[in-house]
Amino acid sequence: MLGIDPGIALTGYGIIESKNGSEFKVIDYGKIETSNCLKKSMRFLHLHTELCSIISLYQPDVVAIEELFFNKNSKTAITIGEARGVIILTCIQNSLSVYEYTPLQIKQSITGYGRADKVQIQKMVKSLLGLPEIPKPDDVADALAVAVCHILSSSSVLYQEDEI
């Protein structure tokens, strides 16, 4: 299972296995960074290439991605939306099922409280996954939270190739 917190400058990812939906094994986690010195199109290509490498290396069976929440800065929201599109397309091209979760769904799943703050979520991710410390940067912890949310959740939205 691959969890993704999408972004243009930094995309967090986490690879988790679960045998029974309550015991988790962390395989890997990290970030994909793109330089703001590059044109946006080249940043998207880098994101695609790095994500393809992660998928090829770990061969997840499913991907969970955080939905875009409304951002006050519309330019930022559009760019993150474009990055999400690159991520979703990359996953579908690699024959992976893609599930989306809202920040509210993730918070409720991880902490039981939809208005939990980042610190509460990070502490629960650390605890649930048995990690020695909270993963940094925040986007990486968020990606792991999305992965855990998918494993714990039964309601989700699936993008299928025939819908595109």
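The exercises below, each with a worked solution, concern a predicted model.

**Exercise 1.** Find which residues the UniProt annotation "active site" covers, and determine how they are arranged in space.

*Solution.* Begin with the record: the unreviewed UniProt entry places its "active site" annotation on Asp5, Glu66 and Asp139. Next, compare sequence with space, where these residues, although spread over 135 residues of sequence, cluster with a largest C-alpha distance of 10.6 Å. Finally, inspect the largest pocket, whose lining includes Asp5, Glu66 and Asp139.

**Exercise 2.** Decide whether Asp5 is buried, partly exposed or exposed, do likewise for Asp139, and list the contacts of each.

*Solution.* Locate Asp5 in strand E1, residues 2–5, and Asp139 in helix H5, residues 138–152. Since buried means under 20% relative accessible area, Asp5 counts as buried because its relative accessibility is 7%, whereas Asp139, at 24%, is partly exposed. Then, setting aside neighbours within four places in sequence, one finds that Asp5 is in contact with Leu10, Thr11, Gly12, Glu66, Asp139, Asp142 and Ala143, while Asp139 touches Asp5, Leu10 and Gly12.

**Exercise 3.** Describe the largest nonpolar core and identify the element that gives the largest share of it.

*Solution.* This core has 21 residues, of which Leu2, Ile4, Leu51, Ile87 and Cys91 touch the most other members. At least two residues each come from E1, strand E2 (10–18), helix H1 (40–58), strand E4 (62–66) and helix H2 (74–93), and the largest share, 6 residues, is from H2. Apart from this core lies another, of 20 residues, including Leu131, Leu144, Ala147 and Cys149.

Note on methods:
Residues are numbered from 1 along each chain as its sequence is written. This is a predicted model: local features need pLDDT of at least 70, side-chain atom pairs count only at pLDDT 80 or more; totals for chains, interfaces and linings use all residues. Side-chain values use heavy atoms; hydrogens and water are left out. UniProt positions are given in the numbering used here, feature names are shortened, and annotations may be inferred rather than shown by experiment. On a 1 Å grid over the protein atoms alone, a cavity is a set of points where a 1.4 Å probe fits but cannot get out, and a pocket is an open set with protein on both sides within 12 Å along at least five of seven lines; lining residues have an atom within 4 Å of a point. Helices (H or I, at least four residues) and strands (E, at least two) are DSSP runs, numbered from the N terminus. Buried means under 20% relative accessible area, exposed over 50%, partly exposed in between (1.4 Å probe, protein chains only). Contact means heavy atoms within 4.5 Å. A nonpolar core is a set of buried Ala, Val, Leu, Ile, Met, Phe, Trp, Tyr and Cys residues joined through side-chain atoms within 4.5 Å.
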